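Please read the following points beside the sequence and the 3D structure.

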Amino acid sequence: MSEETSRFVVSADWLQAELGKPDLRVLDASFYLPAQKRDADAEYTAGHIPGAIRFDQDKIADHSVPLPHTIPTPEQFAAEVGKLGIGENDRIVVYDGIGLFASPRVWWLFRVMGAKNVFVLDGGLDGWKAEGRPLETVAPRYEPKTFTPAYDDKRVVKLDAMKAIVSGGTLQIADARSAGRFAATESEPRAGMRSGHMPGARSLPSGVFANQGRFKSLPELKQTIESAGIDLSKPVVTSCGSGITAAIITLALESLGHTDNKLYDGSWSEWGSREDTPVVTGPPETVKA
């Protein structure tokens, strides 16, 4: 692996050579927004990486709250992934169709729950298919395992904590939504959402971290993050529309050795739907020297 690439991202060449190893679990974590007009389940059935398990982020979630794909309890997560045949000591490679969209969320989720050897596939399924690599249509079945969680609650931000962060200006906030949604020049895709962003937030649209589904080099990631006004020597909270693409920023931060970061799980689906949370519009505030 090059010194200029993320240690959390693996190549298709590497993955293909490792397929079939007993400690390897490959997860298809594809997820699409309605505007993308793609069906993740149908695409999985039509052809997936050999041995890949379908990981549905909307099913393995906390359904006791009205927000989408909210992080499940450690007990629920352990039970669900254990049934899929995944243990906390397995080598886990996560991919999505586009290449760098939904897979970092599952990478983050497994790490928050205590798994150590979790990676994202560079280029995703689209890249895998474009290179003519093998596919299969049969869903694999693995013997159930015991997944022993070690939940790190310090990496997850809930609403009350996020309110305190915003009101106190205590932490940097990086928002992965599009620049238009951030500035309120385009509407939110979910009904009932106010437009704009949290006071003090910086705009880091999730699409700026990859080129054609492939993760940027470490120097490029550093430049991208710092040009948005984020100081890599200070703590960061990541946010987005519903907690999925925020993890792309998290992946970039962790790749650069920045470990003092948290993810706001409710993200704009929660913040933008309430009346007691401050919202500002327009471009990001001027970066102070």
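1. Axes are lines fitted to C-alpha atoms, for helices over the stretch in contact, and angles run from 0 to 180 degrees between N-to-C directions. Helices (H or I, at least four residues) and strands (E, at least two) are DSSP runs, numbered from the N terminus. The model is predicted: local features need pLDDT of at least 70, side-chain atom pairs count only at pLDDT 80 or more, and totals for chains, interfaces and linings use all residues. Residues are numbered from 1 along each chain as its sequence is written, and side-chain values use heavy atoms, with hydrogens and water left out.

2. The axes of helix α4 (residues 103–112) and helix α9 (residues 246–255) come within 8 Å and cross at roughly 65°. This makes α4 roughly perpendicular to α9, a term for angles of 65 to 115 degrees. The crossing is left-handed, meaning that the near helix is turned anticlockwise from the far one by less than a right angle.

3. Which residues of α4 and α9 meet? From α4 they are P104, R105, W107, W108 and R111, and from α9 they are A247, I248, T250, L251 and E254; contact means heavy atoms within 4.5 Å. Six residues of this contact are nonpolar, one is polar and three are charged. Here Ala, Val, Leu, Ile, Met, Phe, Trp, Tyr, Cys and Pro count as nonpolar, Asp, Glu, Lys and Arg as charged, and the others, Gly among them, as polar.

4. Helix α4 is largely enclosed by the rest of the structure, because nine of its ten residues are buried, that is, under 20% relative accessible area with a 1.4 Å probe and protein chains only. Among them are W107, W108 and F110. Just after α4, G114 has a positive phi of about 115°.

5. Helix α4 also lies across strands β2, β4 (91–95) and β5 (118–121), and runs at about 175° to β5. These strands belong to an open sheet of five, ordered β1-β5-β4-β2-β3 with parallel pairing; two strands pair if DSSP finds at least two bridges between them. At the edges stand β1 (9–10) and β3 (53–54), each with a single partner strand, so one side of each has no neighbour in the sheet. Strand β2 (residues 24–28) pairs with β3 over two bridges, and L27 has I53 as its bridge partner in β3.

6. Beyond its neighbours within four places in sequence, A210 is in contact with L100, F215 and K216.

Key: Parallel < 35°, antiparallel > 145°, perpendicular 65-115°, else oblique. Buried < 20%, exposed > 50% of the residue type's maximum accessible area, 1.4 Å probe, protein only.
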